[in-house]
Amino acid sequence: MKRVFPILSVLTATLLIYALYQALVVAPTEQTMGDVQRIFYYHVPSAWTAFILFFVNFGASILYLIKRRPAADMVALVSAEVGVVFLLVNLVTGPIWARPVWGIWWTWDWRLTSTLVTWLIYVSYLMLRRFSSGGQTPTLAAALAVLGALCIPFVYFSIWFFRTQHPQPVIGGDGSIDPRMMHALLINWLAFVCFAFMVCWSRYRLEKLQRDVNQAYAMASLLAPHGSARR
Amino acid sequence: MIAPTGITRVTLLKDLRLEWRSKDAINSMLFFSLLVVVVFSFSFDPTAEESRQIAGGLIWVAFLFAAVVALNQTWAREIRNQVLDAYRISPAPANSLFMAKTLGNFIFVSVLEALMTPLFIMFYRLRSLGPAWQLLLIAVLGTWALVVNGTFFAAMSLRTRSREIMLPLLLFPISIPALLAMVQATADILNGEGARFWIVLLATYDLVFTTVCLLLFETVLNAE
Amino acid sequence: MTETVSAVTVSNLIKQFGRFAALRGVTAEFSGGKLYAILGDNGAGKTTLLRTLAGLSQPSGGGVSILGASKFRDISVQVGYMAHPSLLYDEMSGMENLEYFARLYGISGNITGKARCADVIRTVGLDPDLVRPVGQYSQGMRQRMSLARALLNDPKILLLDEPFSNVDVHSAIEMVRLLARSRDQGKTIFVVTHQASLLEGAADEFVWMEFGKIVGRTRELKREQIREQTAEQQK
């Protein structure tokens, strides 16, 4: 197992470099927006990856509520943390893209707004994990994760309807896409997913180590003939 | 045999009685609601035409703030003297407690809304051009949406650090679809259109979240 | 019928709070109809043990069996619990408090139910007609009313955590007498306390805890026996 991680890391790095090459060199330049549009290859896959991670968080939280396995809790924690970061990338690249093209930083467009709300929900999840006391955290966080995940469809649906009533400029654009662009997009998405997986794995290992240390102290405390183990 | 609805009713009555006895809480809540309306009136000039158009949104934000203050304190009573432990060891089901608290909060927040609304109508010279009965329906559905999640998150926050700030931190993001619905529906009706989509959305939201909160409450109550 | 079957069995009970192990493998059998005093220093795990028996704390490992049931919910009607906080609403009178908690145990609110509440209040030596809210009681009165609440459902198992803290001597002695009478009626009673001397003569057994384990059980209150027993175990 120990050898797999470095190998996969190298593979992921290679894939990321290839994806960068695809995005910046191979993909054709967009007609109206020019080279600025290339940020699209980061803006979109980061969101898709984040949602995969949040789906994992949802599944892990439900698994924890049913089976109470600590591993499920760790997976939930890790996927939420990494997902929040990826979604932040999406939220930041949105305005960076919008400004040169449309002259505005933010438009409350449907996708960006919904993404912002989703991001807020998962940040509140991370805050709950930080502010609750040790024994409760996995259970409370899992409950919040379920509620948050169920809220996402409502978020997107309500904001979508709101925007059809009150239209605004749309960042990200719709409509048909050149197949070479789609190719670059998918490569970048694959690279992002691999990268996200590696980061999650690292974070998981870190969390597991921390919990193992705590457990070791607790075991020492359990077995000590007199009193708890002094640090 | 203990009927769960009986326990809900008894707990609700007990809470209402306790609320009534600690009149300080009620008085400060009422005054707070009045202050919110007045402060909003200074921030969003009622005489400007634009303000009349966003009055629907303003009133719901005001309700939200009042609700948060109310929600925070209805659970506070249960952790004083660890009374919640007495409930937990009894055979009474956790869901009865949740329903009782939610209903109590619903009543409490509705009273605050009933007091703030005439003030808003007066200050902003609001007139409804659309079906006014729909406004009542939205008020009920919207308040329930805030209160059911609010009661749940307030219970969650009971043993966290910074308990009072945790509640809005958790409640606001998840309430956004419901808030959007309430605000838009109110604005639409005041402007003379129907708000059927928003009402259906709110009703669905209420159904989903009430169900899930009921399913998860016992777990959350007994989390250590 | 005398209880020869054990009322409470604990097997290798473990409870961890993060790095700290409050209970480090508690194994014991407690037969019914006895008054047990649980003694030990702070941090010995007495409160954790009691809360686990009361179903308020889930063990990290090991098992608990109360009246033959491993799930607390099955026998919660037969358990009464009392702690240093009063577990009562300060703004209501004693009678109002008990009427509410009675409903939680399925005791109806009619005349019989009210009479039951009044009886229990008289049993602890208080006046059921007292309108004063519990928050204005003295500590002794409050603890006695809390005991009344614990006795309301006529439980077979009584769990008391530091019931005599800050209580005047008269109230404390009254409570001990009441506990002894309840034990004579067949209840199994566990009392966690620092004031072991109060239970001298009333308790059937003194259970000594240290650092999350039971280190000794004696019929009389003699600490020296424990020192010897512990020394034996360490050899």
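Predicted model: local features only at pLDDT ≥ 70, side-chain atom pairs only at ≥ 80, totals over all residues.
**Entry 1: chain C overall.** I started with the secondary structure and found seven helices and nine strands in chain C. Next I looked up the extent of the C-alpha trace, which spans about 60 × 40 × 35 Å along its principal axes. I then checked the radius of gyration: chain C has 18 Å, and because a compact globule of 235 residues would come out near 18 Å, the two agree. Buried residues account for 48% of the 235 residues in chain C. I also looked at contacts between residues at least 6 apart in sequence, and 67% of those in chain C join residues at least 24 apart.

**Entry 2: chain B against chain A.** I found 25 residues from chain B and 27 residues from chain A in this contact. On the chain B side, helix 7 (163-190) and helix 8 (196-221) each supply at least two residues. Helix 7 of chain B gives the most to that side, with ten residues. Sorting the chain B side by class, I get 18 nonpolar, four polar and three charged residues.

**Entry 3: helices 5 and 8 of chain B.** How far apart are the axes of helix 5 and helix 8 of chain B, and at what angle do they pack? I read 9 Å and about 110° for helix 5 (residues 94-124) with helix 8, so the two helices of chain B are roughly perpendicular. The crossing is right-handed. From helix 5, Ala94(B), Asn95(B) and Phe98(B) meet Cys213(B), Leu214(B), Phe217(B), Glu218(B) and Leu221(B) of helix 8. I class the residues of this contact as six nonpolar, one polar and one charged.

Methods. Residues numbered from 1 in each chain as written. Chains lettered and ligands numbered in written order. Helix = DSSP H or I, 4+ residues; strand = E, 2+ residues; numbered from the N terminus. Rg over C-alpha atoms; globule rule 2.2 N^0.38 Å. Buried ≥ 20, exposed ≤ 12 C-beta atoms within 10 Å, placed from the backbone. Contact = placed C-beta atoms within 7 Å. Nonpolar A, V, L, I, M, F, W, Y, C, P; charged D, E, K, R; others polar. Axes fitted to C-alpha atoms, helices over the stretch in contact; angles between N-to-C directions. Parallel < 35°, antiparallel > 145°, perpendicular 65-115°, else oblique. Left-handed = near helix turned anticlockwise from the far one by under 90°.
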